[in-house]
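Hi,

Here is the structure we talked about, for your pocket work. My notes follow below it.

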Amino acid sequence: MSGLPQISLPDPLAQWPWLRKLNDHYAEVKPESDEWLRSFQALDAKSQSSFDLCNFPLLGSLVYPLLDKDGVRVACDLMVLFFIYDEFTDKVDGDGARVYADMVMDAIRNPHKERPQGEPKLGEIARQFWLRAIKVSSLPAQERFIASFSEYVYAVIEEASDRANGRVRGIDDYLKLTRLTAGGYPAFLAAEAGLNIPIEVMAHPVMESFCALAAESLVLTNDMYSYNIEQASGHGGHNIVTVVMNEKGVDLDSALRWLGDYHGDVLSKFRAQSLTLPSWGATVDAEVSAFVERLGYWIRGIDSWSLETERYFGAKGPEVQKHRLVTLLPRKADVTPMMAQPLP
């Protein structure tokens with residue numbers, strides 16, 4: 001025994017009706033997507049090793065199990081783009097993150113324009129991803145992606161500023177920001193692959209609520225599983241677990257129980273709304289039903305991937321999945337925990 005304390009993770013998806021499902025094209029698209037990233041030589045050895053452990057094509061294939069090969073390849077490449085963008089922006093402050101945000105959005109808005117000589121590879125990665133994505137996306141879906149991806153990249157600037165200044169937000173403010181910075185909204189582009197849902201339908205309050213609930217579930221799942229390695233490295237301040245402990249004045253176990261209850265409420269709302277969809281006519285209703293089903297699998301897939309790769313728990317993911325027990329890692333000697341500071 002290590003003698004280190006253990007925590008018990010809640011399991012809000014225990015009764016989730018959408019079960020784990022892997023896309024049939026995973027074995028084909030994984031080597032293609034992996035080689036696509038390697039062709040840029042954009043990562044140093046340490047970052048490439050981290051990327052390999054994460055297996056982002058597995059993520060794309062778990063969260064979008066119903067897509068055809070072209071659709072799931074776009075999904076896998078989008079997961080890669082998220083990782084690369086995080087890698088670039090995690091190392092800079094708010095000003096540096098803005099430079100990368102401008103670069104990525106220019107590449108996506110102008111995919112047929114060659115990127116400038118000497119530019120970081122991030123711009124070309126974004127450009128090539130988008131050229132592939134527009135082939136499987138309707139025009140309304142493309143418009144929604146550009147808007148939501150812009151919100152994502154510029155929201156990351158605030159996250160970078162928080163990290164640089166050691167700020168810990170309150171619960172509501174934190175969730176408002178991380179629903180954008182976690183990348184959930186632009187990730188729904190792949191959930192629309194092959195569908196053609198009108199703009200006014202996706203703008204309906206019910207549909208906006210579905211997307212918001214799914215995006216929030218992503219934040220809660222990611223933060224629960226990433227908390228251990230983040231607190232050990234001194235980066236736990238930008239995590240819902242730390243946010244809850246700070247705002248409510250509770251210990252770690254109590255914060256995790258709160259997280260489990262809150263996440264359960266989010267999922268209950270999603271399930272209830274999925275049973276009472278409005279009608280927009282038979283053709284559109286079929287498209288909407290397909291989209292909602294894909295979101296259900298998307299929520300499950302995030303959880304499954306978190307426990308099946310080595311990103312959060314090394315080789316112990318299956319054990320954590322079974323017992324929900326995690327041994328807390330000791331905090332590195334050269335870091336101190338982030339404490340709450342008021343936002344200016």
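This is a predicted model: local features need pLDDT of at least 70, side-chain atom pairs count only at pLDDT 80 or more; totals for chains, interfaces and linings use all residues.

Start with the second largest pocket. Its lining splits into 14 nonpolar, 1 polar and 4 charged residues. (Nonpolar is Ala, Val, Leu, Ile, Met, Phe, Trp, Tyr, Cys and Pro; charged is Asp, Glu, Lys and Arg; polar is the others, Gly among them.) A pocket here is an open set of points on a 1 Å grid over the protein atoms alone, where a 1.4 Å probe fits, with protein on both sides within 12 Å along at least five of seven lines; lining residues have an atom within 4 Å of a point. The volume, the space filled by probe spheres set on the points, is about 460 Å³. Of 19 lining residues, Arg144, Ser148, Tyr185, Glu208 and Cys211 are closest to the centre. α7 gives the most, with 6 residues. Helices are DSSP runs of H or I, at least four residues, numbered from the N terminus.

Numbering runs from 1 along each chain as its sequence is written, and side-chain values use heavy atoms, without hydrogens and water.

The largest pocket has a volume of about 1,800 Å³. It has 49 lining residues; Asp86, Glu87, Asp90, Glu230 and Arg311 lie nearest its centre. α11 gives the most here, with 8 residues. By class: 22 nonpolar, 14 polar and 13 charged.

Mean pLDDT is 91, and 96% of residues reach 70 or more. Over residues 335-344 it is below 50.

Best wishes

Technical notes. pLDDT is the predictor's confidence in each residue, from 0 to 100. Contact means heavy atoms within 4.5 Å. Helices (H or I, at least four residues) and strands (E, at least two) are DSSP runs, numbered from the N terminus.
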